[in-house]
Amino acid sequence: MAEILLRATDIVAGYVKDLPILKKVNIEVKKASLTLIIGPNGAGKSTFIKAIAGVVPVTSGQISLSGQNITGIRPDQMAQHSIAYVPQSDNIFRALTIRQNLELVLRKSKNGPARIAEMFTRFPPLAGKQAEKAGTLSGGQRQMLAVAMALAVDPLLILMDEPSAGLSPKAAQEVLQLARDLTSQGVTILLVEQNVKQAMRLADHCYILAEGRNQHDADASILLDDPIVGEIYLGGKRTNVS
Amino acid sequence: MMGLISYLVFFITIASILAIAVLGLNLQWGNTGLFNGGVVAFFGAGAYGTLLLGGDPQSDHIGGFDLFYPLALLGGAVAAGVLAWVVGRLTLHLRHDYFAIATFGVAVTFENVMRNAEGLSGGAKGLRGFTRPLEAFVNNGFTYNVLFLLVVTSLLVCTYLFLERLIRSPYGRLLRAIREDEIAACSLGKKPDRIRLTAFITGSCIVGLAGGLYATFYAFVSPQDVLPTLTFQLWAMLIVGGAGNNRGAIFGTFLIWGAWSASGWGLSRFAPVEVQLYTGTMQFILIGLVIVGMLLWRPQGLFPERLVVSQSGCKSK
Amino acid sequence: MIQSLADGILVGAILSLGAIGLTMVMHILRFANFSHAELLSIGAYSALVFDALFSGILPILANKIGPFSMTWALTLSMFCAMGVTGLSAMLIDRFVFKRIREKGDELSMVFASFGVAMIIRNVLGLIFGLKSQLYSNDIVFAVMISSDPMLLIKPDQVFVLLAALLIMLVLHFVLSRTTFGYALRAVAENPSLAEVSGIRLSRVIALVWIIGGCLAAAAGVFYGLNNHINPVIGRDLVLPIFAATIVGGIGSVYGAVLGGFIVGIAANMALLVLPSGYSPAVPFMIILALLLVRPHGLFGEPQT
C-alpha cells in the first residue's frame, strides 16, 4: 500500500464567510499517483484545489502534506511547502519571455540556472523559443510552460486545474499524458478535469464531488464504466452513495 | 441680536446654495458612481454664465447682456451642462480614473482661463457690474437678503424633490444598476455610457445652478471663488452626509459649512496673529482628515443610503 | 524656439521621474493617485532640512561642486530625502490606501488620495511656512551656448538632466535584468498568478511605493534646484505628471519617461504662441488631445 502524501479532512471553505462552497470534503492522495477530481459545474472542484493552495480561505478542517499541517498557508509560500499550482487560465505571464517566466518562479532557488536548463531539456519546444514573449505561444505550449513553471520548483505535489481546457483534442491528450508521465517520476498530481473520459483513462484514483461534498470515489478504472458517472454529469440528483 | 440674525440669514443662504451643489454632486457620485474631481468648474461655469448673461452691458469684456434674471440663471446652468457634455463625451467611456483626472483638469483649466481671459471674464479682478434682480425695489439690505434666502431655500427644496423623484423613477434604478454592475446592465440592453452621460450632465446643471445663485448673492465672481479647494469642501460635505442619501447630503453641507465657519471664526478671534495667517492651512488639514477619516472608518457617511427596493417585484407575493 | 526646447527637455526630465512612480502605482493598484505629486514636495523639503543639517555639522560640505549650485551637502541630502520620501509613501499606503483597498473600492482610493494630498500640502505649509525658499541664495548665471539662435543654459540644468537620465537608466536595468523587475511586471500583469508563483504581493506593493517615492524625491529636489521650493509644488505639478502618464500609457514605465519629455517640451513650446498665464492649462489640453487621438496612450494597453 503506497504512502498517503496529501490528506484533506472535513474541509469547509469559500470566498465569503458564512457562504461556504465546500461544505465537507475529504480526500486522500497517494504518493506518486494521479488523482482526479470530477463533478458537475459548481461542485467546488476548483475551489477545493484553491483551498489547498491557500488562495481560498479554509473555514474549518485540516489539510496535511506528508503528515505536516499545511492548512491556510499563504499562496506565495506554496513552493516552500513543496506544492505547485497550475491555474486554469491565464497561468503564464504573457509580457515576460519564456525564460523570464521560469526565472521568476525560481528567483529564490539556489540552483535556478540548472533547473531552467533541465526544464528546457525536458521541453524542447520551449527551449527553442526561450527569448520570446510567452504571449506568443500556442495554447498547448502555454500549458507546457505552465507545467514547466510548476515542475521547476521541484514540488512533491502539483495541483492542476483543468489543464486541457480550451485545447485541441490532440494537445489536450498531450497535456494529460504529460501529467501521467510525471507521476512515474515520483511527482504526485491532483487534477481537476472536465475532460472526464480522457482523464479517467490515465488516472489512478477518482473522486466525484457535487454541491461541495464528496459523492463517490473509486479506482478510475472501475469508475470508467460506472453508470453513476453519467448520472451525475447528466444532472441527476443523487444525494448519498455510501 | 440683529447682527446675529443677519449673520444667520447669511449663513443659511450660503449653506443652502452649497447644499444644492452637493445634491448635484450626489447624483453623480452617490447614485451613479462618477468621481467628479472638478466640481468647481461646473459651479464656476454657472456663476460666470449667470453674471455674463444677466449683467449690465460692459465695455471691457463681452457679456452684460442684461437678460431677464431667471433666463440668466438658467443660462448659467446650461453652460455648466454643456461643459459636462464635452468632458463626458471624451472620457466617460474610458477607465474611471481618466474621468477623475479629466474633470480635475477641467477645474484647473477653468480657473486658469477665467484668470487670464480678461475679455471674457474680467480676469483676476473678477466680474462686476451685475445688478441683483429686483434690488431697486427693496431698499433695505436685510429685507433683500431674507427674500433672497427664501428664493434659495425654495430652490433647494425643489432640487431635493426633483432628485428624490428621479432616483425613484426607472431611470434612477438604472443608474444604481450601472453603478453596481455595469456588465449586467449592459447585458440587459442598456447603454451605460449614455446613461452615465445624462446623469453627469444633469448633476452638473444642478451644480451650475448653485454657482449662479452664489454669484448672484455676491453680485460678483472672481477666480478666487473657483479655486480647486472648493471641490474638496463640497466632497467633504457629501461624504460626511452619506453618499447616495439626499437628506444626508443637505445635512452634511450644513454641518461642514458650520464647522468651517466656526473654526475660521474661532481661529481669527482667539488665535495669535501669527497663527491666523495659517487659518486656511489648518482648515484644509481638517477637511483632508475628515475625508480620509470618513473613508477609513465610516465610508457610508453619517446617513447611509437607504436602499430603494423596486416595488413592482414585491407585489407578486 | 531652441531655448523653449532646451527648457522643455529639462522640465520633461523632472516630470518623467514623477510620472514613473505614478504610472507604476496606477497600473498595479489601479487608481489615480492625486497625492503622488505631493511626494515631490516631501522630497524637496526633506532635502532642505538635511541640507541645513549637513552644512551645519560639516561646513566644508557646503562648498559647491564645480560650476553647479549643487553642493556635496545637498547631494547627500538628496539621497536622505529619497529614503524619507520612499518611506513616507510606503507608510501612507500602509495606513490609508491599503486599508481602503481591502474594502475593495477603487473610486474611494481616488477620493482618499484627494484628501491625503490636501493633508500633506497643508501640513508642509504649516511646518515650513507658505513663503518660497531656495536651496542656495547664490545666483548662478546661465551660460550662453549660442547667440543666434539665442540659447542660455544654466550649469544646474545640465546636471539635473544628466542625473535624471542616470536614475532612469538604473531603473531600466532593475526592471529588465533582475528577477525583482520581472516580479514587478508579473504583479502588474496578473496579481493572483504572481502570488501563486511565489511572489509576496504586499512586499512588491511596498517596494513600488518606495521606488515611486525615491524617484519623486529626486524630482522634487531637481525642481527645487531650478525653481524654488514652496508647499504648492504638488498642486502645480499634479496635472503635468498625470498628463505624462496618460501620454505614455498607464502602466508603461518607458511611456512615462517619454510622456514626461513630451509634456515638458509641448508645454514650453505652447508658450511661444500662448500668453504665459495659460501655462497651467496646457497639460490638460495635452491630455484632451491625446484622449481624442489615442485613448490608451502611446504605449498603453486597453484596460478595464
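**Figure 1. A:Arg94 and its salt-bridge partner A:Asp90.** In this predicted model, A:Arg94 has a relative accessible area of 37% and is therefore partly exposed. A:Arg94 takes part in a salt bridge with A:Asp90, and the closest N and O atoms of the two residues are 3.0 Å apart. A:Asp90, with a relative accessible area of 40%, is likewise described as partly exposed. Side chains of opposite charge can pair when their charged atoms come close.

**Figure 2. A salt bridge between A:Asp204 and A:Arg180.** The closest N and O atoms of A:Asp204 and A:Arg180 are 3.2 Å apart in this salt bridge. A:Asp204 is found in the loop between α7 (196-202) and β9 (205-210) of chain A, whereas A:Arg180 belongs to helix α6 (residues 169-184) of chain A, so the pair ties together parts that are 24 residues apart in sequence. A:Asp204 counts as partly exposed, at 29% relative accessibility, and A:Arg180 is partly exposed as well, with a relative accessible area of 22%.

Figure 3. Over all chains, the structure holds 13 salt bridges.

**Figure 4. The packing of helices α10 and α13 in chain B.** Helix α10 (residues 229-241) of chain B packs against helix α13 (residues 279-297) of chain B at an angle of about 40 degrees, and the axes of the two helices are 10 Å apart. This angle makes α10(B) oblique to α13(B), and the crossing of the two helices is left-handed. On the side of α10(B), the contact is made by B:Thr229, B:Phe232, B:Gln233, B:Ala236, B:Ile239 and B:Val240, and on the side of α13(B) by B:Phe284, B:Ile287, B:Val290, B:Ile291, B:Met294 and B:Leu295. Of the residues in this contact of α10(B) with α13(B), ten are nonpolar, two are polar and none is charged.

**Figure 5. Contacts between the chains.** Two pairs of chains touch, and among these pairs the most contacts are between chains B and C. No contact joins chain A and chain B, and the closest C-alpha atoms of chain A and chain B lie 18 Å apart.

Conventions: Residues numbered from 1 in each chain as written. Chains lettered and ligands numbered in written order. Predicted model: local features only at pLDDT ≥ 70, side-chain atom pairs only at ≥ 80, totals over all residues. Heavy atoms only, no water. Axes fitted to C-alpha atoms, helices over the stretch in contact; angles between N-to-C directions. Helix = DSSP H or I, 4+ residues; strand = E, 2+ residues; numbered from the N terminus. Parallel < 35°, antiparallel > 145°, perpendicular 65-115°, else oblique. Left-handed = near helix turned anticlockwise from the far one by under 90°. Contact = heavy atoms within 4.5 Å. Nonpolar A, V, L, I, M, F, W, Y, C, P; charged D, E, K, R; others polar. Salt bridge = Lys/Arg side-chain N within 4 Å of Asp/Glu carboxyl O. Buried < 20%, exposed > 50% of the residue type's maximum accessible area, 1.4 Å probe, protein only.
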